[in-house]
Amino acid sequence: MEIKELETINEEKLVNFMYRVRDKHQELFKDVTLMSQITKFSEEYNEMLDALKLVDNPDAFYEELADMFIVACGILRFNEALGQCLCKSVADEFVYRVDESGNDYSSVLATKVIEKMNKNIKRVWSKTKDGNYKHVSSYN
């Protein structure tokens with residue numbers, strides 16, 4: 001079965017977006033568990049911290065936050081309170097950051113998450129022994 005890509009919806013509320021990403025996450029990663037997603041969130045968090053150090057590539061930071069948001073939506077499948085808290089925490093990182101011109105990044109979140117989820121939909125995935133998924137090729 002082919003999974004349809006996520007689409008942009010203008011003026012969408014954060015909670016509605018979280019549930020749409022959660023549903024796509026469930027289609028793509030059917031067999032994950034709460035614990036595998038918590039482990040994955042920690043992995044993505046560490047990658048975000050590494051990306052934060054790349055002063056010459058701020059976009060890498062936002063890509064890692066998008067990954068964190070997607071995994072938080074995966075957690076939302078199993079634990080509503082924890083998933084919502086994590087999603088909103090990641091979203092706050094976008095809202096409260098500004099570029100050199102003083103523009104906030106609140107509109108960047110959905111774009112980055114949609115780009116990453118659609119990229120993930122096109123990838124080939126393999127389930128690891130610890131219950132996580134890794135894309136098969138490092139170039140995709």
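Which residues of helix 3 meet helix 2 and helix 5, and what does helix 3 give to the lining of the largest pocket?

A: This is a predicted model. Helix 3 covers residues 58-76. Take its neighbours in turn.

Start with helix 2, residues 34-52. Helix 2 and helix 3 pack at an angle of about 170°. Their axes are 9 Å apart. Angles over 145 degrees count as roughly antiparallel. So helix 2 is roughly antiparallel to helix 3. From helix 3, the contact uses Ala60, Phe61, Glu64, Leu65, Asp67, Met68, Val71, Ala72, Gly74 and Ile75. Helix 2 meets them with Leu34, Gln37, Ile38, Lys40, Phe41, Glu44, Tyr45, Glu47, Met48, Ala51 and Leu52. By class, the residues of this contact are 14 nonpolar, 2 polar and 5 charged.

Next comes helix 5, residues 108-122. The axes of helix 3 and helix 5 come within 9 Å. They cross at roughly 70°. Helix 3 and helix 5 are therefore roughly perpendicular to each other. On the helix 3 side, the contact holds Asp59, Tyr62, Glu63, Ala66, Asp67, Phe69 and Ile70. On the helix 5 side, it holds Leu109, Lys112, Val113, Lys116, Met117 and Asn120. This contact has 7 nonpolar, 1 polar and 5 charged residues. Asp67 is in the contact with helix 2 and also in the contact with helix 5.

Now look at Phe69. The model has 2 aromatic pairs. In one of them, the ring centres of Phe17 and Phe69 are 5.7 Å apart. Their planes stand at 20°, so the pair is stacked. Phe17 lies in helix 1, residues 14-28, and Phe69 in helix 3. The pair therefore ties together parts that are 52 residues apart in sequence.

Helix 1 has its own contact with helix 5. The two pack at an angle of about 10°, with axes 11 Å apart. Helix 1 and helix 5 are therefore roughly parallel to each other. Phe17 takes part here too, with Leu14, Val21, Lys24, His25 and Leu28 of helix 1. Helix 5 brings Leu109, Ala110, Val113, Ile114, Met117, Asn120 and Ile121. The classes are 10 nonpolar, 2 polar and 1 charged.

Last, the largest pocket. Its volume is about 520 Å³. Its lining has 26 residues. Helix 3 gives the most to this lining, with 7 residues. Helix 2, helix 5 and strand 2 (133-135) each supply at least two. Glu44, Asp67, Lys116, Asn120 and Arg123 lie nearest the centre. Glu44 is on helix 2 and Asp67 on helix 3, while Lys116 and Asn120 are on helix 5.

Definitions and conventions
Residues numbered from 1 in each chain as written. Predicted model: local features only at pLDDT ≥ 70, side-chain atom pairs only at ≥ 80, totals over all residues. Heavy atoms only, no water. 1 Å grid on protein atoms, 1.4 Å probe; cavity = no way out; pocket = protein on both sides within 12 Å on 5 of 7 lines; lining within 4 Å. Points joined across faces, edges and corners; volume = space filled by probe spheres on them. Helix = DSSP H or I, 4+ residues; strand = E, 2+ residues; numbered from the N terminus. Axes fitted to C-alpha atoms, helices over the stretch in contact; angles between N-to-C directions. Parallel < 35°, antiparallel > 145°, perpendicular 65-115°, else oblique. Contact = heavy atoms within 4.5 Å. Nonpolar A, V, L, I, M, F, W, Y, C, P; charged D, E, K, R; others polar. Phe/Tyr/Trp six-rings, centres within 6.5 Å; stacked < 30°, edge-to-face > 60°.
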